[in-house]
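Subject: Structure for you to look at

Hello,

Here is the structure I said I would pass on. Please open it beside this email and follow along residue by residue.

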Amino acid sequence: MRRVDRALVSVPTVLVGEKSRGGKELAKAKIFFEAQAKTEAAAVAGAPAPATKARKKKEKKFDFSAYSDEAVKYALDKLFFGKCAYCESRYANQAPVDVEHYRPKGRIAGVANHPGYWWLAMVWDNLLPSCIDCNRRRWQALPTFPESLEQLLAAPEMQGAKASLGKQDLFPIAGAARATADSPGIDEQPDLINPCVDDPEEHLVFHVDRGDPLGLVLPTFKDNVPSRRGLTSIHVYGLNRLGLVQERTRILRKLDFLSRLIDEIGKISETLVASRDQKNKTMGARLDLLINQILDEIRAMAEPDQPYSSLVKAWSKTLITN
């Protein structure tokens, strides 16, 4: 996951203004959910439910659609370079993008008597592109965690060969109260990282082991305490599911190979350049150019438009440190 500046892409016009598709849908949603709230309040009070069309619809879900407009998908694709906002995989390589609501639009898993953040269903700042595996709750295979990390990473729901992972309607918070349409300004203190609001590097760090590459992502630590938001995001988004760890491990092995190649070519180049033979000096200079080309390839892998660029960036920092 990497920090993304949402201001780099303009808000899709389909979501702007009362007369836009999103604006009209918000007006309809407001009528629907207010009527639903009245019906539920009457039921709690033991009074007859209002005889309205909304009563007939109380068991139905509101049909949100503006958020999935092609213009919205295009804008998100441009902002995130066709990558999942959470795991940085190229979603186009496996399936169409899921336009994900950071705050769930219809319901909140495990939270009763809250209709979801329906008033944010058409709001640009609440929308993120996600791959299916990060967004949908599904059973996923898990890697074998190193013994030193097992206790930290293997939460009770992640014990065994598989676990139910994916955000879907989950939205855990640390705050005492949840925002509602009537009180949208409540400080909920979300436990999930939003890459357009938060700096993921403050909460997540990659496990970079040159001797035994393994593409795990870990929570950062402060005063020997793991980041709550980092740990929760890892488990909810499924950032250590087996397929994802395998792909990141492949990247780490490629980077380590390129690093060793640079070292070996550098040694040969030094020997040739130190020679009195002009041909050898010329060959050494050509090898130096080759090293620069390899370094350019590594830098390109860390560019924002590349998959798992945050992993490459983290690996590069260890290269400089070592």
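Predicted model: local features only at pLDDT ≥ 70, side-chain atom pairs only at ≥ 80, totals over all residues.

Start with strand β1, which covers residues 98–101. Are its faces buried or exposed? D98 and E100 point to one side, V99 and H101 to the other, and all four are buried, so that both faces of β1 are covered. The strand is paired with β2, residues 127–130. The two run antiparallel and are joined by four bridges.

Most residues other than glycine have a negative phi. Two residues here are worth a look for that reason.

- F81 has a phi near 55°, a positive value, and is not a glycine. This residue sits in the loop between α3 (70–80) and β1. Its relative accessibility is 39%, so F81 counts as partly exposed.
- Q189 is also not a glycine, and its phi is positive at about 55°. Look for Q189 in the loop between β4 (162–165) and β5 (204–206). Because its relative accessible area is 41%, Q189 is partly exposed.

In soluble globular proteins, nonpolar side chains tend to be buried together. In this model the largest nonpolar core holds 74 residues, and Y86 and L239 have the most contacts inside it. Which helix gives the largest share of this core? That is α7 (residues 242–274), with nine residues.

Apart from neighbours within four places in sequence, Y86 is in contact with M1, E100, Y102, L128, S130, C134, K167, I193, P195, Y237 and L239.

Rolling a probe the size of a water molecule over the atoms shows where empty space is left. The largest pocket has a volume of about 1,200 Å³. It is lined by 41 residues, and F33, K105, G106, R107 and P115 are the closest to its centre. Two elements, α1 (21–45) and β1, each give two or more residues to this lining. The most comes from α1, with nine residues. By class, the lining of the largest pocket divides into 16 nonpolar, ten polar and 15 charged residues.

The second largest pocket has a volume of about 290 Å³. Its lining has 19 residues, with Y102, R103, L120, D125 and N126 nearest its centre. Eleven of the lining residues of this second pocket are nonpolar, two are polar and six are charged.

The cavity

How many cavities of 30 Å³ or more does the structure hold? It holds one. The largest cavity contains about 30 Å³ of space. Its lining is made up of M1, Y86, C87, F206, V217, L239 and R248. Six of these residues are nonpolar, none is polar and one is charged.

Regards

Definitions and conventions
Residues numbered from 1 in each chain as written. Heavy atoms only, no water. Buried < 20%, exposed > 50% of the residue type's maximum accessible area, 1.4 Å probe, protein only. Pairing = 2+ DSSP bridges. Core = buried A, V, L, I, M, F, W, Y, C linked by side-chain atoms within 4.5 Å. Contact = heavy atoms within 4.5 Å. 1 Å grid on protein atoms, 1.4 Å probe; cavity = no way out; pocket = protein on both sides within 12 Å on 5 of 7 lines; lining within 4 Å. Points joined across faces, edges and corners; volume = space filled by probe spheres on them. Nonpolar A, V, L, I, M, F, W, Y, C, P; charged D, E, K, R; others polar.
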